[in-house]
Amino acid sequence: MAAPGRYAYNSLMDDEPYDPLYLQGIEHFNVCDFFESHEVWEELWTEYRGPSRKFYQGLIQAAVALFHFGNGNIRGAKKLYVSTRGYLEPYRPFHRGLDLEKFLGQFEQCFAEVAAATEEFPQLEVNPELIPEIHLDPPRVFEDLT
């Protein structure tokens, strides 16, 4: 049973094949091409109407938050950091092959200085060692879609 205020999404659809756009977005994300991962996931999110819709929206927000952080837009990064957590936390601990406990923990470490910043325009740089990666369990399965 889900905790109060959380959705019981964790086991839904985790046995279904991963959407190719989901996987493509992960590939872009893991090489720090956050703009492109956002674009791919947005294409998926635009058409998708199932229970993972807000999960995909959270991934989009995470990619844009990292894009802003990398470009020095700390105010934008902070705003999207907060919204990312809001979208993804209801899907904890695990959804669509993603260990959200691990991912959100890494995301929090990456954004610790951003979250703590009190200046209006702080000068912060992302630490490349702290950028989270997405590794699915079960690992992606290649399927013949022809």
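Predicted model: local features only at pLDDT ≥ 70, side-chain atom pairs only at ≥ 80, totals over all residues.
Cys32 is found in the loop between helix 1 (20–30) and helix 2 (34–47). Its backbone is worth a look too: phi of Cys32 is positive, about 65 degrees, even though Cys32 is not a glycine. As a rule, most residues other than glycine have a negative phi.

Arg96 does something along those lines, with a positive phi near 50 degrees in a residue that is not glycine either. Arg96 sits in the loop between strand 1 and strand 2 (98–99). Here the relative accessibility is 2%, so Arg96 counts as buried; the cut-off for that word is under 20%.

The axes of helix 1 and helix 2 come within 7 Å of each other and cross at roughly 170 degrees. This angle makes helix 1 roughly antiparallel to helix 2, since angles over 145 degrees are put in that class. On the helix 1 side, the contact is made by Leu21, Tyr22, Gln24, Gly25, Ile26, His28 and Phe29. Helix 2 brings Phe34, Glu36, Ser37, Val40, Trp41, Glu43 and Leu44 to the contact. Sorted by class, the contact of helix 1 with helix 2 has 8 nonpolar, 4 polar and 2 charged residues.

Helix 3 covers residues 53–70, which is 18 residues. From its first C-alpha to its last, helix 3 reaches 26 Å, close to the 26 Å expected at 1.5 Å a residue. How much of helix 3 is buried? Mostly it is covered, with 14 of the 18 residues buried. Gly70 lies in helix 3 as well, but Gly70 counts as exposed because its relative accessibility is 51%, and the cut-off is over 50%. Gly70 and Pro128 are 58 residues apart in sequence, while their C-alpha atoms are 9.4 Å apart in space. Following helix 3 comes Gly72, with a positive phi near 85 degrees.

Helix 3 also packs against helix 4 (residues 74–88), at an angle of about 160 degrees and with the axes 8 Å apart. That makes helix 3 roughly antiparallel to helix 4. The crossing of helix 3 and helix 4 is left-handed. Helix 3 puts Lys54, Phe55, Gln57, Gly58, Leu59, Gln61, Ala62, Val64, Ala65, His68 and Phe69 into the contact. From helix 4 come Ile74, Gly76, Ala77, Leu80, Tyr81, Ser83, Thr84, Tyr87 and Leu88. The contact of helix 3 with helix 4 splits into 12 nonpolar residues, 7 polar and 1 charged.

Lastly, the peptide bonds. Most peptide bonds are trans, but the bond from Arg92 to Pro93 is cis, with omega near 5 degrees. Pro93 is in the loop between helix 4 and strand 1 (94–95). Another cis peptide bond joins Asp137 and Pro138, with omega about 5 degrees. Pro138 lies in the segment after helix 6 (112–116).

Note on methods
Residues numbered from 1 in each chain as written. Heavy atoms only, no water. Helix = DSSP H or I, 4+ residues; strand = E, 2+ residues; numbered from the N terminus. Expected span 1.5 Å × (residues − 1). Buried < 20%, exposed > 50% of the residue type's maximum accessible area, 1.4 Å probe, protein only. Axes fitted to C-alpha atoms, helices over the stretch in contact; angles between N-to-C directions. Parallel < 35°, antiparallel > 145°, perpendicular 65-115°, else oblique. Left-handed = near helix turned anticlockwise from the far one by under 90°. Contact = heavy atoms within 4.5 Å. Nonpolar A, V, L, I, M, F, W, Y, C, P; charged D, E, K, R; others polar.
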